[in-house]
Number of protein chains: 2
Amino acid sequence: MKNLKNLKKGQALWRRAKKIIPGGSQLLSKRAELFLPEQWPSYFKKAKGVMVWDLDGNRYIDTCASIGASILGYADEDVNRAVKKAIDQSNISTLNPPEEVELAELLCRLHPWAKMVRYARGGGEAMAVAVRIGRAYSGKDRIAFCGYHGWHDWYLAANLANDKNLDGHLLPGLAPKGAPRALAGTVIPFNYNKIEELEKIVAENDDIGVIAMEPMRDHEPKNGFLEKVRKIADRVGAVLIFDEVTIGWRLNVGGAHLKYRVNPDIAVFAKGMSNGFPMAAIIGKAKVMQAAQDSFISSSSWSERIGPTAALATIRKMLDKKVPSHLEKIGLIIKNGLRQQAEKLGVKLEIGGFPQLIGLAFDYGSNSQAVMTLFTQEMLKRGFLANGSIDISYALKEEQAKKYLHAVQEVFAVIRQAVLKNKVKELLQGPVAHTKFIRLT
Amino acid sequence: MKNLKNLKKGQALWRRAKKIIPGGSQLLSKRAELFLPEQWPSYFKKAKGVMVWDLDGNRYIDTCASIGASILGYADEDVNRAVKKAIDQSNISTLNPPEEVELAELLCRLHPWAKMVRYARGGGEAMAVAVRIGRAYSGKDRIAFCGYHGWHDWYLAANLANDKNLDGHLLPGLAPKGAPRALAGTVIPFNYNKIEELEKIVAENDDIGVIAMEPMRDHEPKNGFLEKVRKIADRVGAVLIFDEVTIGWRLNVGGAHLKYRVNPDIAVFAKGMSNGFPMAAIIGKAKVMQAAQDSFISSSSWSERIGPTAALATIRKMLDKKVPSHLEKIGLIIKNGLRQQAEKLGVKLEIGGFPQLIGLAFDYGSNSQAVMTLFTQEMLKRGFLANGSIDISYALKEEQAKKYLHAVQEVFAVIRQAVLKNKVKELLQGPVAHTKFIRLT
């Protein structure tokens, strides 16, 4: 058992960071306060597979996979070898990297409905490119959307209410200050599996030019939801964009939409596609993608070589090793194990999501978040970086899954006793974790 | 002399690219058509220092430095060593990379007026973050701007005219299709060194919340231009953003604004800062930067390790080797050499820009672009990637500068004869190069 009092360097650096970086981290989901305030190791020295070493030299098994950015595991040898060769041969020049074309052809082979490809270096950025292309093609600016799509103006504008006091209401936690008020009303949300909500939006707005959504995230589509969305998009002349940044490459090698045989006009990939090296792709039908030529969409950093090199190596390994099958197998072991232990020990736990991307929530009313914090704290003591999101990677093998479940068993016993004796907060060595922003799905 | 007919692989791949990538490249400025249509090598196999090898194995001296993204030179050993170590130790994990904090502290030491830092992975993207923070802090959405700032909606909206037919007028070549029309009028341009234009904008608009500009690009500020902009920003309560993506790190190690002792509220860096590895930084005054916490600004790819690692290694080397002095020295050799040879051979050449970032234009009326194309073609035959933009890198030494000037001498003689005999187009082995978009400065 690790003594959390000895995790000094990470917390000291985190305190320094918050003085010089507003919010401390670049990704909201990597804030220490969202895991374990005042105790979280916060920074890593190195990582390999599913192992992470903090600044104090402690080693952990990491079940969050860099918030889903690592599907193969950290510092994957095959991807790293390809990337380091690209770096030795220079990642840039005035000429272009040929890997761009190779990757475009591979992405179109995997998604035969798509014929053209553009790139970016981040998921939210790539969604902004996709929305630009969608608006350019349809000639209509208004957007209907479902799910989470990043930080850009087009999306955050959904949180600009007519009444400034209501700003932030629709997507709680996504503060929209600084998104231009002129965009208020240009983007309208609907909920997943609620086709009637999208029907209402298109009935009330004759200028919906883009429908942007995650094809799935926590739930399977029901009652032909995706097919119905597709039909509405065709009927009203809207470009249908599937945001595969989170769910892509997990259910199968490619977009999750392939599994459901519903094709968008544009699909967007990032994160897992390149095993954590900054990279994103916007793929689509030729006539839609060609609208990119009517709009200035250009960046120096999109023309470097690491991104496409890492993506090629990652996708080829995913194909070769049948990675999605592994993710499902291990995910099921963990999901079932969690359920059995929660039942056995009488811990009130809700388990959601696909096996590849599991979501946990404790059900103790106003005490739920304190219990989650206790879970993270006790798992950390036992050598795990763990919270309510379990992102399975290829490097997470049955052996580590069993170690995780063994630790969970111990921690659930602690939780059960703590709840019974009403001592949850007493057992916490620091404050309760902040809650994440709640996604509108 | 290279036979351009033997440059087959690059052009073949470029033709394949244009079928699957709208526009062919990710950066407009890397389109083959902007250099030498149907002949440009287009793709690189490897690059080192100022040398680039194409797919056919030809070697060139590259005087464009990846359109300014490489200040140290390609595959710099010190930067690459640091980056490859970061990759071996994993570029991501659920925890954060400590290099983020180290870099933030270094950037604030170099710019003592700045106290806080955020990151992104591209210049245009970082400008969008800066504008978001500026609007959030000032509480006012309208923007006055000068110069080039990328592809995002806030900026391209400047090209949305009241009359759709005039779209694209203000920033010729920057097609704004797909930028939401609701943003029309939210962003207003002024020209560099024309303080009266900015005065007029703030007199006519009481809601200017952001003034965004390149502190310089081609020209020095005149008549206290920067000081006057600073005063206007303070008077009207606008956040002053300096876009240092292109000019930064060239005149001195840090923002070019340091040289002129005028401090913005926010400065934005990218490109050269990390020697071509995707990275960008937004630095600013604490009270302004803290407004980032009132707005959701977050991305997975901003939390990886290569970016800050490459930036730290690049900046340290720039400090250690006094890189800006080298850039100036070599740039002056080239600038003076070009001027002398143009005079000696009677070639009508305009030479502009700082020595570190030279701009060339031939002055032959409607034939000017054909002459530029001939220049690029003849330089290519002699083993140079060269056009009207010369970006000096630390790897460009006196020896290569002399080789370049020697080749220029030969090519200027060809141009002089071609012009005299009215045979410029006859000598071109392919079409005239397309002109770049013209920047509004």
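Helices in this report are DSSP runs (H or I) of at least four residues, numbered from the N terminus. The structure is a predicted model.

## Residues with positive phi in chain A

By that definition, Ile67(A) is placed in helix α3 of chain A, residues 65-68. Ile67(A) is not a glycine, yet its phi is positive, about 55°. Its relative accessibility is 16%, so Ile67(A) counts as buried.

Trp249(A) is another residue other than glycine with a positive phi, in this case near 70°. Trp249(A) sits in the loop that runs between β8 (239-243) and α10 (257-260) of chain A. Its relative accessible area is 0%, and Trp249(A) is therefore buried.

## Helix pairs

Two packed helices are described by the angle between their axes and the distance between the axes.

| Helix pair | Angle between axes | Axis distance | Handedness of crossing |
|---|---|---|---|
| α13(B) and α15(B) | about 20° | 10 Å | right-handed |
| α13(A) and α15(A) | roughly 20° | within 10 Å | right-handed |
| α5(A) and α12(A) | roughly 35° | within 9 Å | left-handed |

In chain B, helix α13 covers residues 323-345 and helix α15 covers residues 398-420, and the two pack at an angle of about 20°. Because of this angle, α13(B) is roughly parallel to α15(B). On the side of α13(B), the contact includes Lys329(B), Ile330(B), Ile333(B), Ile334(B) and Gly337(B). On the side of α15(B), Tyr404(B), Leu405(B), Val408(B) and Phe412(B) are among the residues that take part. Sorted by class, the residues of this contact are twelve nonpolar, three polar and four charged.

In chain A, helix α13 (residues 323-345) and helix α15 (residues 398-420) cross at roughly 20°. That angle makes α13(A) roughly parallel to α15(A). Among the residues of α13(A) that meet α15(A) are Leu338(A), Gln341(A), Ala342(A), Lys344(A) and Leu345(A). Their partners in α15(A) include Glu398(A), Ala401(A), Gln409(A), Ala413(A) and Arg416(A). The contact of α13(A) with α15(A) divides into twelve nonpolar, three polar and four charged residues.

The remaining pair in the table joins helix α5 (residues 99-110) and helix α12 (residues 306-320) of chain A. From α5(A), the contact is made by Glu99(A), Glu100(A), Glu102(A), Leu103(A), Leu106(A), Leu107(A) and Leu110(A). From α12(A), it is made by Pro308(A), Thr309(A), Ala311(A), Leu312(A), Ile315(A), Arg316(A) and Leu319(A). The classes here are nine nonpolar, one polar and four charged residues.

## Single residues in helix α12

Ala313(A) is also found in helix α12 of chain A. With a relative accessible area of 16%, Ala313(A) is buried. Apart from residues up to four places away in sequence, Ala313(A) touches Asp78(A), Val79(A) and Ala82(A). Ala313(A) and Asp76(A) are 237 residues apart in sequence, while their C-alpha atoms are 9.9 Å apart in space.

In chain B, Ala310(B) lies in helix α12, residues 306-320. Ala310(B) counts as buried because its relative accessibility is 0%. If neighbours within four places in sequence are left aside, its contacts are Val79(B), Val83(B), Met273(B), Ser274(B) and Phe277(B). Gln290(B) is 20 residues from Ala310(B) along the chain, and the C-alpha atoms of the two are separated by 26 Å.

Helix α8 of chain B spans residues 195-204, and its residues Ile195(B), Leu198(B), Ile201(B) and Val202(B) are buried. These residues lie on the same side of α8(B), because they cover an arc of only 120° around the axis. Lys200(B), Ala203(B) and Glu204(B), on the other side of α8(B), are exposed. The buried residues of α8(B) pack against β5 (142-146), β6 (187-189), β7 (208-213) and α9 (225-236) of chain B.

Note on methods: Residues are numbered from 1 along each chain as its sequence is written. Chains are lettered from A and ligands numbered from 1 in the order in which they are written. This is a predicted model: local features need pLDDT of at least 70, side-chain atom pairs count only at pLDDT 80 or more; totals for chains, interfaces and linings use all residues. Side-chain values use heavy atoms; hydrogens and water are left out. Buried means under 20% relative accessible area, exposed over 50%, partly exposed in between (1.4 Å probe, protein chains only). The arc is that of the directions from the helix axis to the C-beta atoms. Contact means heavy atoms within 4.5 Å. Axes are lines fitted to C-alpha atoms, for helices over the stretch in contact, and angles run from 0 to 180 degrees between N-to-C directions. Angles under 35 degrees count as roughly parallel, over 145 as roughly antiparallel, 65 to 115 as roughly perpendicular and the rest as oblique. A crossing is left-handed if the near helix is turned anticlockwise from the far one by less than a right angle, and right-handed if clockwise. Ala, Val, Leu, Ile, Met, Phe, Trp, Tyr, Cys and Pro count as nonpolar, Asp, Glu, Lys and Arg as charged, and the others, Gly among them, as polar.
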